[in-house]
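Trainee: Hi! Could you walk me through this one while I have it open?
Mentor: Happy to, let's take a look together.

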Amino acid sequence: MTRKHLALAWTLFLAMLLYSSMAAALEPCHLPHLPERVECGTLEVPEDRANPAGRRITIHFARIKATAKPAAPDPLLVLAGGPGQAATDYGPLLASAFREARKRRDILLVDQRGTGRSNPLRCPMPEQEIAQGDTTAAQTALRACLAGLDADPRHFHTEAALADFEDLRRALGYRQFSLWGGSYGTRTALMYARRYPGSVRGMVLDSVAPPNARILLSSRHAQAALERLLADCAADQGCARAFPNLAQDLDAVLALPSLGPHQAEAVPQLLRGAMYSAQHASVLPYAIHAAANGRPQPMLALYDALAGWSLEGMTFGQTLSVLCAEEAPFTHAAAMRDDGAGSRFGEAYARGWRDWCSVWPAATPAADATRAVVSDVPTLLLAGGLDPVTPPENAHLAARTLRHSRVLVAAGAGHTFSGAGCAPRLIAAFLEHADPAAVDGACLAAIRRPPFVLADGQPTL
């Protein structure tokens, strides 16, 4: 054997050895918010995808078996949102969004690198100071977090995660995945289909954030959702009677120097966050009216509910590793001014992220980081008409270059609504045939904004 052949044989041997180490052992386990026992596993991958021989990290995942046998050959890989959410926390979606799909398909919940149990980049943040717009305190907290991290944040971006998912597909022996992505997870799904088109049978994208749209530039979307809220209250007999001057009440609240312990600049971000959920948004007219009349307690209770949801559900270091690599470099000052012009939300949201990213190390963006994804993969795109961050126009933008796609809009839904109304049935029907034309979305008209809360004692959160 020549030296050249010997080197080739050794290379092939090492490759086989590496592939065999990717075998993912599964064992019984339990997940949060899911009573039944499922299967959990781990997979070791390189932290730095450009240096396979370097430090390795462990990716944790769970597989929930289909309720019928035999299962379809393509499991549904669930891609979590955020960025920064862990898919293994998505147990409640199994009983809602995926209850129909699970009849025929295994469900895979993979904690993306940097989240959940996959080498999480946890960074405790000073919530009070952030609410008050204290950039220095936030940057100081981030520097302290970086000093204690057992990871290089520059390797925890979406492109690296795509390779992790592909390694897992091969390790588990699947020929293809079907994908479900929510919010940021839709971007992950689109990018995975671009990198590994042969590995994807079909995609369901709920609340679409395509790479050619900026998540951080959403003030005009939030303003449109707020105007819709004001108009819907005015058109609702009970809401209009209880809050006849809601727009003026809102202006009065926005003009307050503080709202309890929070500075006034926190109020626009509270409004934005509350409108993600149609249920939370139904409380806003009551909370705004109360605050304008000297009773900030309902608004503060809503703030606390939203803060707990966001802080508990996100791994903040991972959020930064993605946004600082894939959003902040393309969020320019002129675009921020245009996005905030004429809006009650202004530039504060995007500016805050850019300030944090100024101290957070991030990867160099991929060459196609902001390009539209061109794909023939069958795709169903879902959009909520009340969504303040990823409205239907985002779904239509993505669909322009998805040759085999269909956009379905639920006018009365907010952000990510796969578990609402007939959406679970539509998702399962699409996955069964991988044909968006076979799905009739007329039933989504039954999803309506929840009744407005009009007085103390009514159900709120």
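Predicted model: local features only at pLDDT ≥ 70, side-chain atom pairs only at ≥ 80, totals over all residues.

Trainee: Great. What order do the strands of the open sheet have?
Mentor: There are 9 strands, in the order β1-β2-β3-β5-β4-β6-β7-β10-β11, and the pairing is mixed.

Trainee: Which are the edge strands?
Mentor: Those are β1, residues 26-31, and β11, residues 405-410, each of which pairs on one side only. From one strand to the next, the twist averages 25 degrees.

Trainee: Which helices pack on the sheet, and what do they touch?
Mentor: Let me give you two. Helix α6 touches β4, β6 and β7, and its direction makes about 155 degrees with that of β7. Helix α18, residues 423-433, touches β4, β6, β7, β10 and β11, and its direction makes about 160 degrees with that of β7.

Trainee: β4 keeps coming up. Which way do its residues point?
Mentor: Strand β4 covers residues 76-79; Leu 76 and Val 78 point one way, while Leu 77 and Leu 79 point the other way.

Trainee: And are those buried or exposed?
Mentor: All of them are buried.

Trainee: How many bridges join β4 to β5, and how many to β6?
Mentor: With β5, residues 107-110, there are 3 bridges. With β6, residues 177-182, there are 4 bridges. β4 runs parallel to β5, and β4 and β6 run parallel too.

Trainee: Nice. Switching to helices: how do α5 and α6 cross?
Mentor: Helix α5 (residues 158-172) and helix α6 (residues 184-195) have axes that come within 10 Å and cross at roughly 65 degrees. That angle makes α5 roughly perpendicular to α6. The crossing of α5 past α6 is right-handed.

Trainee: Which residues meet there?
Mentor: From α5 you have Thr 158, Glu 159, Leu 162, Phe 165, Glu 166 and Arg 169, and they meet Tyr 184, Thr 188, Met 191, Tyr 192 and Arg 195 of α6. Sorted by class, the residues of this contact are 5 nonpolar, 2 polar and 4 charged.

Trainee: And how do α9 and α10 pack?
Mentor: Helix α9, residues 246-254, packs with helix α10, residues 266-274, at an angle of about 135 degrees, and their axes are 9 Å apart. That makes α9 oblique to α10. Leu 250, Val 253 and Leu 254 of α9 make the contact with Val 267, Pro 268 and Leu 271 of α10.

Trainee: What classes does that contact have?
Mentor: The contact of α9 with α10 has 6 nonpolar residues, no polar ones and no charged ones.

Trainee: Last topic: where is Leu 216 found?
Mentor: Look in the loop between β7 (200-206) and α7 (219-235).

Trainee: Why is Leu 216 counted as buried?
Mentor: Because its relative accessible area is 2%, and buried means under 20%.

Trainee: Which residues is Leu 216 in contact with, leaving aside neighbours within four places in sequence?
Mentor: Among them are Leu 323, Glu 327, Ala 328, Tyr 349 and Trp 353. Have a look at Met 336 as well: Leu 216 and Met 336 are 120 residues apart in sequence, but 8.7 Å apart in space, C-alpha to C-alpha.

Trainee: Thanks, I'll go and find those now!

Notes
Residues numbered from 1 in each chain as written. Heavy atoms only, no water. Axes fitted to C-alpha atoms, helices over the stretch in contact; angles between N-to-C directions. Helix = DSSP H or I, 4+ residues; strand = E, 2+ residues; numbered from the N terminus. Parallel < 35°, antiparallel > 145°, perpendicular 65-115°, else oblique. Left-handed = near helix turned anticlockwise from the far one by under 90°. Contact = heavy atoms within 4.5 Å. Nonpolar A, V, L, I, M, F, W, Y, C, P; charged D, E, K, R; others polar. Buried < 20%, exposed > 50% of the residue type's maximum accessible area, 1.4 Å probe, protein only. Pairing = 2+ DSSP bridges.
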